[in-house]
Amino acid sequence: QTPHQGRPAPYTQPSRSPGKPGALFSLPAPRWPVECEVIQEPIEHIEWVPPEPEPFCPPMGPEQAPDTLGEEQGTVVYHSSPVLQGSCFTCARVGGAPGPLSLPAAPLKSPQDTTLLFESRFESGNLQKVIKVGPYEYVLTLRPDLYTAKHTQWFYFRVQNTRQEPLYRFTIANMAKPKSLYGQGLQPLLYSEQDARSHGIGWRRVGTDVCYYRGSAGESPVFRLSWTVRFPHDGDTCFFAACYPYTYSDLQRYLRALVADPARSRYCAVRALCRSLAGNTVYLLTITGPGSAAGKRVVVASARVHPGESGGSWAMRGFLDFLLSAHEDAQLLRRLFVFKVVPMLNPDGVVVGNSRCSLAGRDPNRAYGTALPGSFPSVWHLRAMVQRVLAEREVVLYCDFHGHSRKNNVFMYGCDAGRDGAGTRLSQRVFPLMLSKNAPDKFSFASCKFQVQKSKEGTGRVSMWRLGVSHSYTLEVALSGSTLGGRSSHFSVEDLESLGRLLCDTLLDFCDPAPAKVGSDLAQGALVPRGRGDTGTVPQLQQCLAEADALLQRQMGRESGSGGSWSDVSPSELES
C-alpha cells in the first residue's frame, strides 16, 4: 500500500529481491502537486550519439548583447503558471490538477500564422511565459522552483508550428546566476521529432550568437540567455533543453528492465528507501555478488538531489550499467563490495521541472544536518541508512553525482578540514587524482577542491564525512563539456555514461588488494594486473600518493625534499 503522502515508506519494503522471481515491477505514474496541470501526451525521446564531438560555439561577449524589444511591446503567446494554494506544498495526485486543462498558448489565427506554439506542462518541463516581440523573436520566462521565487536555470519545453527558413531568436529573460557556461561556448539542446522518426537523430547542440548577459539597467539582478536558431523542418514538433533530460519515468523504465532481466536481477535488489513529499518512491538499489556479504566493505552512491542537473543521472546510469554487467571488473567489484545506490534523491523536483529544490521549497543538499523525515524524507533516510551500515562495516566511499553550470570538465569536491595528519589529507586527494589518470580527456584534478566550508556543512558529502565515511565526494559534471586532452567540445550522453564506468575503474585501482591479502577465491590472477584497454597504465596507489604530495609541495612553492611541509597549511590557503 502507498503510505500517506510525505510519509516515508519503511526502508525494508522490497520491490524485488535478487535472484527471486517476483510480481511485475510496478510503475506507478508520477504524482504531482495538485496545482500543476499536466498534459496527457507521453513525451519520450530516442537516444542518439552524434558521429563527431559537437564543438563549443564561439560565445558573444556581453557588449554584443542583442537589442531585444521591450516585453511590454510584445504579445503574450504562452502563460502557464501554477496557482499555488499558499506558500507551501499541501497534497499531490497522479496527473496533477483535476479537471479540464487550461489553454495557455494563444490559438493560431489562420494557417498562415507563423506564431510558435509552446508547451511545458509535462514531466520535467519548465517554461512559464512567452512574449512574441517580433515575427520570429520570443522572450521567455522560466518558472522558479515551486514554492520559491528563485532558482531559474533548468529549461525544457516544446515548440510546434515551426518554419525552416527564418532565423529565430529566443531570449530567456530571468536566468538566476551571474556567471554561466553559456558565456564559454555552451549551446542549448534541440530535439526534432521529424529527424528522430526519419533519420534516427536525437538531441543535438544548436544555436548561433549565444550570449549570456546581465539584464538592462533598472531591473533586479537577473541575467539573460539569448540564441538564434533555424529549425530543420516546416511544421515540426521540437524541444529545447538545458541538458539531456532524464525524468523520473525514465528511471522507472530503467528499473523495470533491470528487475525483468534474470541475469542482472540476481545481484541487484530494488527497494523503496522512502516516499517523497508527493508520494513518489525514492528507490534504493543494493548490488553485490552472490553469497554472503559478511566482511564486505560498502560503497554508497546517489544522484539527482538537484533536479536540474540531469547529467548526473546519465553518469549514474553508466555507473549502474557497468556495475551490473558481465565484465570481469564488474564481477570483481560485486565480489569485493556491497553497493548502496539511490539513483534519484529528489524525484518530486525532477517531476515538476525544478532546478534545485524539493517540494519543501528548499535545497535538500543543504539539509543533511538538520533534515526532518517529514520535510526531507530522502535525505533523512539516506543519512540514517549510512549510519546503520557504519555500525556494522566500513563505508569505503560515498559519491554524490551532480552537474555544474559554471565550470567545464568533470571534477570532485572532497573533505579536508586541515586537522588530520598528512597521510589522511593526502589520501583525500588520491581518488580524484586516479580518476584524472583514467579519464584524462574529461576529468580535471586541478579543478578539484577539498576545503570544508561552513556553508557546505549541510551537504551530503560533508555530512557523510562527519559520520565517518573517510572518502566522501561530490562528483561535478559540467553541463557543457571538456577542454582537456585536445577537446573543446560538448559532452554527449555516451561521454556522461562513460564516467560511471571510469568511476568503477578507479574504485578498483584505489582499493586494489594485494593477492596475498585476499582469499584464494579472489586471488586467481584477476586482480594484478588488470588490463585497461583504453586508459594505459593502471595508476598505483603509492605512485599517486607520491604525486599528490609533490603537487601540494609545488602548490606551496616548495621544492620536494627542501624541508618544510604543506601538511600544516590550511585547506583554504592551499586552494587560494
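## Strand pairing and the open sheet

Two strands are taken to pair if DSSP finds at least two bridges between them. In this predicted model, β5 meets that criterion with strand β8 (residues 156-160), the two being antiparallel and joined by 3 bridges. One of the residues concerned is Leu117, whose bridge partner in β8 is Gln160.

This pairing belongs to an open sheet of 5 strands, which follow the order β5-β8-β14-β10-β11 with antiparallel pairing. Because β5 (117-119) and β11 (204-205) each have a single partner strand, they stand at the edges of the sheet, and one side of each is left without a neighbour there.

An unreviewed UniProt entry lists Glu476 under "active site". Glu476 lies in strand β22 and has a relative accessible area of 8%, so this residue counts as buried. Apart from residues up to four places away in sequence, Glu476 touches His402, Gly403, His404, Asn409, Val410, Phe411 and Tyr413.

His471 is found in the loop that lies between α8 (460-467) and β22 (472-478). Its relative accessibility is 11%, and His471 is therefore classed as buried. When neighbours within four places in sequence are set aside, the contacts of His471 are Val396, Leu397, Tyr398, Ser427, Gln428 and Phe510.

## Helix α10

Helix α10 (residues 541-555) comprises 15 residues and reaches 21 Å from its first C-alpha to its last, close to the 21 Å expected at 1.5 Å a residue. Its buried residues include Cys544, Ala548 and Leu552, together with Gln553. An α-helix has 3.6 residues a turn, so residues three or four places apart point the same way.

Terms used:
Residues are numbered from 1 along each chain as its sequence is written. This is a predicted model: local features need pLDDT of at least 70, side-chain atom pairs count only at pLDDT 80 or more; totals for chains, interfaces and linings use all residues. Side-chain values use heavy atoms; hydrogens and water are left out. Helices (H or I, at least four residues) and strands (E, at least two) are DSSP runs, numbered from the N terminus. Buried means under 20% relative accessible area, exposed over 50%, partly exposed in between (1.4 Å probe, protein chains only). Contact means heavy atoms within 4.5 Å. The expected span of a helix is 1.5 Å times one less than its number of residues. UniProt positions are given in the numbering used here, feature names are shortened, and annotations may be inferred rather than shown by experiment.
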